[in-house]
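Visitor: I'd like to learn how to read helix packing. Could you walk me through it?

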Amino acid sequence: MYVLPATIEISNTAWLAAFIAAIVLGISKSGIKGIAIIIVTLMAIAFGAKQSTGLIVPLLIVGDIFAVIYYNRHTQWSILKRFLPWMMLGVVIGVFAGKDIPEALFKKLMGVVILGSVLMMYWWDRRKSKTVPTHPTFAGFMGIMAGITTMIGNLAGAFSNIFFLAMRLPKNQFIGTAAWLFFLINLFKLPFHIFVWKTITVDSLVVNLKLVIGVLAGLYIGIRLVKRIKDDFYRKMILVLTALGALILFIK
């Protein structure tokens, strides 16, 4: 597994990819959903697939804190309570499923998850009917899959987005509920990354401190983009870019 000791100099290319990822992370946490795959891809390219999963988490929490403060009044707690326990179970499954996977295989697995997420969101966008099964097992399946994918690659967005869309949440309620969901889940993931996978270290936190400014810049940009961006163009652009990012992970 790739490690990130302070004694090794990080290349300028890696810093650039990581800083762009931090900006995109901030934009994502401001309410523009569906771009987390770009963050994961850039960070994996910069620091390695498995190591990047832990390195991202403190930055996600910084963005989460802003999101829960800004959108707290829109949170739908009843829906959150239905989904959160299943997602926590998925995280635990992901911890042990991904603990001993070699870096090369982990990178390919992350690429599969990314491509699968892209295909899922593409399938969802192409559906003429927006009706989704509301049986209790639907929340369980989506929650467990979201938990596994968020632990293995911080890629729960596709599953959680479909669940929230199934609940027909208006935009602000969608964002507010998702904000609290990911804030709680990312806090839940912290001890696993620190003590089990050992992907969060003092050295990785030093890197986080240098990237926080990018997250803050992204939050500033994202607030102004939320109401202006054209949805059709945005979704097509994200699907193409994230698919390319997954392919890069396979060949790099």
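Visitor: Which residues of α1 meet α2?

Guide: Keep in mind that this is a predicted model. From α1 come Ala14, Ala17, Ala18, Ile20, Ala21, Val24, Leu25 and Ser28, and they meet Ile38, Ile39, Leu42, Met43, Ala46 and Phe47 of α2. Sorted by class, the contact has 13 nonpolar residues, one polar and no charged.

Visitor: How do I make sense of the spacing of such numbers?

Guide: An α-helix has 3.6 residues a turn, so residues three or four places apart point the same way.

Visitor: And how is the packing itself described?

Guide: For two packed helices, one gives the angle between the axes and the distance between them. Here, α1 (residues 12-29) and α2 (residues 36-47) pack at an angle of about 160°, and their axes are 8 Å apart. Angles over 145 degrees count as roughly antiparallel, and α1 and α2 are therefore roughly antiparallel to each other. The crossing of α1 past α2 is left-handed.

Visitor: At what angle do α4 and α8 cross?

Guide: The axes of α4 (residues 77-98) and α8 cross at roughly 20° and come within 10 Å. That angle makes α4 roughly parallel to α8, and their crossing is right-handed. On the α4 side, the contact includes Trp77, Phe83, Met87 and Val91, while α8 contributes residues including Trp180, Leu184, Phe188 and Lys189. The contact of α4 with α8 divides into 17 nonpolar residues, one polar and one charged.

Visitor: How does α7 sit against α8: oblique or roughly parallel?

Guide: The axes of α7 (residues 157-166) and α8 (residues 171-196) cross at roughly 140° and come within 11 Å, so α7 and α8 are oblique to each other. This crossing of α7 and α8 is right-handed. Ser160, Asn161, Phe164 and Leu165 of α7 make the contact with Phe174, Thr177, Ala178, Leu181 and Phe182 of α8. By class, the contact of α7 with α8 holds six nonpolar, three polar and no charged residues.

Visitor: How many residues of α6 are buried?

Guide: Of the 18 residues of α6, 13 are buried, so α6 is largely enclosed by the rest of the structure.

Visitor: Which residue follows α6?

Guide: Asn154 does, and its phi is positive, near 55°.

Terms used: Residues are numbered from 1 along each chain as its sequence is written. This is a predicted model: local features need pLDDT of at least 70, side-chain atom pairs count only at pLDDT 80 or more; totals for chains, interfaces and linings use all residues. Side-chain values use heavy atoms; hydrogens and water are left out. Buried means under 20% relative accessible area, exposed over 50%, partly exposed in between (1.4 Å probe, protein chains only). Helices (H or I, at least four residues) and strands (E, at least two) are DSSP runs, numbered from the N terminus. Axes are lines fitted to C-alpha atoms, for helices over the stretch in contact, and angles run from 0 to 180 degrees between N-to-C directions. Angles under 35 degrees count as roughly parallel, over 145 as roughly antiparallel, 65 to 115 as roughly perpendicular and the rest as oblique. A crossing is left-handed if the near helix is turned anticlockwise from the far one by less than a right angle, and right-handed if clockwise. Contact means heavy atoms within 4.5 Å. Ala, Val, Leu, Ile, Met, Phe, Trp, Tyr, Cys and Pro count as nonpolar, Asp, Glu, Lys and Arg as charged, and the others, Gly among them, as polar.
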